[in-house]
Amino acid sequence: MVDLLDDLRARGLVHDHTDEAGLRELLESGPITLYCGIDPSADSLHVGHLVAVLVLRRFQEAGHRPLALVGGATGMVGDPSGRSDERTLLDAATLDANTTGIRAQLESLFDFSGDSAARLVNNYDWTRDVSLLDFLRDVGKHMTVNQMVAKDSVRSRMASDQGISFTEFSYMLLQAFDYWWQFENYDCRLQVGGSDQWGNITAGIDLVRRRSGATVHGLTWPLMTRADGQKFGKTADGTVWLDAGRTLPFELHQYFVNTDDRDTERLLLQLTLLPVAEVEGIMSAHAAAPHERRAQRALANEVCTLVHGSAATDRAGLAAEVLFSGSTLSGDRLEAVRGIVPETVVGGSVIGRDEPVVDALVAAGVCASRSDARRTITGGGIRVNGRRVASPEEQVDLVDGRYALVQRGRRQRHLLVVD
């Protein structure tokens, strides 16, 4: 079996750690419990969360027990790490809805059975009944203001024009309390997170040492960036979410198909469960024919299957063939693009008029008027099922007697379904 820490390092997933020799000895001594926190600022995870999820999965597959912590309590305060301004505070109802949505996604990404069963936890459960005086006495007294100000996340905010509120300043204490509580109740010995969490993680390690006299560990990975300077997980339309209602599986698949060559190997290593040797093989084949985008397709297939399942991945690939490759169309293939491109259901009478193509374009809203449709057809701007329409009098070629994929210009596509 590949050593877990060596595997993480080979994937570029080790940035900071406490006492690597001690951590390695701990992992080799038997299964441990570890945790990673997720901020419930939305009702869905996004692709940036996949690094954290898969780090926990890698530990689980090595026999360890992961705790996926949804921060119902810390989400009410807001983590200042990596931010130049203060987060908008969410109300309890919104946080509850967000936590519910995230928990449902996490339940599909971990194994909750067996000796290394994952556990979903919410820090609101152990924080809500702690009084202010108890918190100050049991947590606050163990950390000096000097220590807190020395952390990068706090120091950078204090130096900014915005400053930092006492609310966000206290976030570090809450996260430290989480680590201590999980150590005491779950024997949690390791916290993992992005490199911006290092200050919060070490605060928790100190609290466990001071309150319980025990040694626990921390491990972080580098923050995700893109080679082109754009923020990872963002598109012109916004964030790439894991929820299919926010980001279609097809859109998720296409996001990774369009990955820059410079990012592909790193994302294959960090956002999939493929062995390092297999990733090396994929990249070798990709280098021989980069135009075929084998590595990007492998990345897109692995991520989409992990998040949405193999059926969604198959449909996304089929839809891409229909929309971009000019492949032979069939009813099954056009059925795959339903919900991906705009769709209009029309009656059979529309297809049977004197200018069926014109009437169909207007009925679908592809063209604003009959004159607009005739003008666009004359200019060669309309294709139906991949074939350029030459005359307004043409019939609409239906696939399987029901479907027609209409394209106006290079990008605008519309599916007609005859009822």
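Biologist: At what angle do helix α14 and helix α15 pack?

Modeller: This is a predicted model, in which local features need pLDDT of at least 70, side-chain atom pairs count only at pLDDT 80 or more, and totals for chains, interfaces and linings use all residues. Residues are numbered from 1 along each chain as its sequence is written, and side-chain values use heavy atoms, without hydrogens and water. Helices here are DSSP runs of H or I with at least four residues, numbered from the N terminus, and axes are lines fitted to C-alpha atoms over the stretch in contact, with angles from 0 to 180 degrees between N-to-C directions. The axes of α14 (residues 276-288) and α15 (residues 294-308) are 8 Å apart, and their angle is about 140 degrees.

Biologist: Are α14 and α15 oblique or roughly antiparallel to each other?

Modeller: Angles under 35 degrees count as roughly parallel, over 145 as roughly antiparallel, 65 to 115 as roughly perpendicular and the rest as oblique. With an angle of about 140 degrees, α14 and α15 are therefore oblique.

Biologist: Which residues of α15 make the contact with α14?

Modeller: Contact means heavy atoms within 4.5 Å. From α14 come Ile282, Met283, Ala285 and His286; from α15 come Arg294, Ala295, Gln296 and Ala298.

Biologist: What is the relative accessible area of His253?

Modeller: His253 sits in helix α12 (residues 249-257). Leaving out residues up to four places away in sequence, His253 touches Ala300, Asn301, Cys304, Thr313 and Ala316. His253 is buried, and its relative accessible area is 4%.

Biologist: Is the aromatic pair of Trp126 and Trp181 stacked or edge-to-face?

Modeller: Rings of Phe, Tyr and Trp (its six-membered ring) pair if their centres lie within 6.5 Å; planes under 30 degrees apart count as stacked, over 60 as edge-to-face and the rest as tilted. The rings of Trp126 and Trp181 are 4.3 Å centre to centre with 10 degrees between the planes, and the pair is stacked.

Biologist: How many residues apart are Trp126 and Trp181?

Modeller: Trp126 lies in helix α5 (residues 124-127) and Trp181 in helix α10 (residues 171-186). Both are buried.

Note on methods: Helix = DSSP H or I, 4+ residues; strand = E, 2+ residues; numbered from the N terminus. Buried < 20%, exposed > 50% of the residue type's maximum accessible area, 1.4 Å probe, protein only.
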